[in-house]
Amino acid sequence: TLGILYLDLGFDLKVLSADLLPYLPLFGRALLQTGTSKEDFVSLTQRIGRTTGGIAQHRSLATKLDDGGTAAWFFLSGKSVPGKFGDMLDIMSDVLLDARLDNRDRIRQMALEEKAGFEARMIPAGNSIVDTRLKAGLTEASWVAEQLGGISYLQFLRDLVKRIDSDWESVEARFRQIRDTLFSRGRMVVNLTA
């Protein structure tokens with residue numbers, strides 16, 4: 001690794017109920033883009049840039065070959081030099097446990113960006129979007145993928161933007177429910193490459 005440490009923290013998505021799944025793309029962004037109780041989004045971003053080689057979130061969905069079940073994980077990944085590894089762990093702890101999930105304006109802005117981005121991709125990526133929708137009926141992993149990035153997700157985003165304005169408390173409660181349910185040591189995997 002040429003002296004770079006790579007850390008992946010994985011959390012099993014199977015602990016979440018189906019109605020929480022469409023929130024995941026925005027939830028992942030909110031962890032890194034809303035700030036914490038100690039620092040705003042800009043300060044957090046600068047801290048990540050100063051002390052790490054980057055911290056990112058992503059999801060992994062796959063159908064298991066052995067039993068046909070689904071492997072579904074949410075990952076928070078980062079990389080750093082050994083001397084800054086402790087700083088990276090502190091940042092990861094801050095975003096996992098203290099992200100500003102109550103930052104209504106920022107989350108509304110992210111929801112609008114997600115919706116606009118999806119709508120802009122509809123024509124150039126139409127075949128892919130239709131493919132995702134068709135596959136949703138074949139496997140659980142494909143159904144989840146459609147909830148997180150297909151037509152169902154677009155419909156969810158359109159409704160969510162309205163609900164952020166009319167019923168923010170319930171939206172915030174959903175984000176907190178995801179954090180409280182998902183981030184558990186008992187259902188976590190850690191991968192460190194050094």
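I count Ala, Val, Leu, Ile, Met, Phe, Trp, Tyr, Cys and Pro as nonpolar, Asp, Glu, Lys and Arg as charged, and the others, Gly among them, as polar. The model is predicted, so I note that local features need pLDDT of at least 70 and side-chain atom pairs pLDDT 80 or more, while totals for chains, interfaces and linings use all residues. Residues are numbered from 1 along each chain as its sequence is written, and side-chain values use heavy atoms, without hydrogens and water.

**Second largest pocket**

I found about 160 Å³ of space in it. Its lining divides into seven nonpolar, two polar and two charged residues, including Trp-143 and Glu-140. Helix H6 (140–149) gives the largest share, three residues. Helices are DSSP runs of H or I with at least four residues, and strands are E runs of at least two.

**Largest pocket**

I read about 270 Å³ for the largest pocket. Strand E1 (5–12) and helix H3 (85–98) each give two or more residues to its lining, and H3 has the largest share, five. By class I note nine nonpolar, two polar and one charged.

**H4 and H7**

I then checked H4 (residues 104–121) against H7 (residues 151–166): the angle is about 150° and the axes are 10 Å apart. The pair is therefore roughly antiparallel (angles over 145 degrees).

Note on methods:
Axes fitted to C-alpha atoms, helices over the stretch in contact; angles between N-to-C directions. Parallel < 35°, antiparallel > 145°, perpendicular 65-115°, else oblique. 1 Å grid on protein atoms, 1.4 Å probe; cavity = no way out; pocket = protein on both sides within 12 Å on 5 of 7 lines; lining within 4 Å. Points joined across faces, edges and corners; volume = space filled by probe spheres on them.
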